[in-house]
Amino acid sequence: EKYMKYILKTVKKAFSLIIILSLVATSLISFSSCAPAYSDQEAINILAEVLAKDIELNKIIWGEGLSPEKDAGEHVNDSTFYYTEVSMLSKYTSLDELKEAVKDTYTEELQNILWQYAFGYEEIESDIIPRYSENKDGFLMVNVAKATLRKFDLTSVAYLGEAKVKRAKKDMIRIEVPFSADGKVFRERTIELHLVDGVWKLDTQTWCIDFQY
């Protein structure tokens, strides 16, 4: 009888220990699942790399654009469009190079937003005159006719030093960033990044021309 009591007491202790260990393990798993996949600083570093590419493309596609190699003269007054070769000093001198830069920076959904404006779709009719084209040799050309050239006055600056992660997974970061157009009035914007085939890409249009810490 004493032996049976001893066994029961031992079993109860072991069972209690198992329950305690299970609760501890559950708590650790719960804690780790609540913790963001990336810290604020890690997310800021990732965003800064992508924004650097985004800023360059914003200026090329939405802003001043790439400079032409030659003065377009009276063609700037054409009522439809006039394409001329971009400067040989441009970072991008072929249409394929510029398209690859866009694909490398933005998610597919965001690419679709700017593709028609920047390059056009051959199979889709549109009133929008693509900003860029190519000549028969594949050299990049830019539309300089004011009547059909749409460019925007971009002034938005991102302040990464105050950015905070709102949600993060292994392949997605949602981060809140202060933006300002005059350095005085700020508004918070949520920027989303996706990890696509090992490359971080923007899934949010920023209209940004610079960023600061």
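Which residues in H3 and H4 meet?

A: Lys99, Val102 and Lys103 in H3 meet Gln111, Leu114 and Trp115 in H4, where contact means heavy atoms within 4.5 Å. By class, that contact has 3 nonpolar, 1 polar and 2 charged residues (Ala, Val, Leu, Ile, Met, Phe, Trp, Tyr, Cys and Pro count as nonpolar, Asp, Glu, Lys and Arg as charged, and the others, Gly among them, as polar).

A word on the ground rules: this is a predicted model, with local features needing pLDDT of at least 70 and side-chain atom pairs counting only at pLDDT 80 or more, while totals for chains, interfaces and linings use all residues. Residues are numbered from 1 along each chain as its sequence is written, and side-chain values use heavy atoms, leaving out hydrogens and water.

Helices here are DSSP runs (H or I, at least four residues), numbered from the N terminus. H3 covers residues 95-105 and H4 residues 108-118, and their axes come within 9 Å, crossing at roughly 150°. Axes are lines fitted to C-alpha atoms over the stretch in contact, with angles from 0 to 180 degrees between N-to-C directions.

On to H2, residues 40-61: H2 packs on H3 at about 135°, axes 10 Å apart, so the two are oblique. From H2 come Val50, Lys53, Asp54, Leu57, Ile60 and Ile61, and from H3 Leu98, Ala101, Val102, Asp104 and Thr105. That contact has 7 nonpolar, 1 polar and 3 charged residues.

Terms used. Angles under 35 degrees count as roughly parallel, over 145 as roughly antiparallel, 65 to 115 as roughly perpendicular and the rest as oblique.
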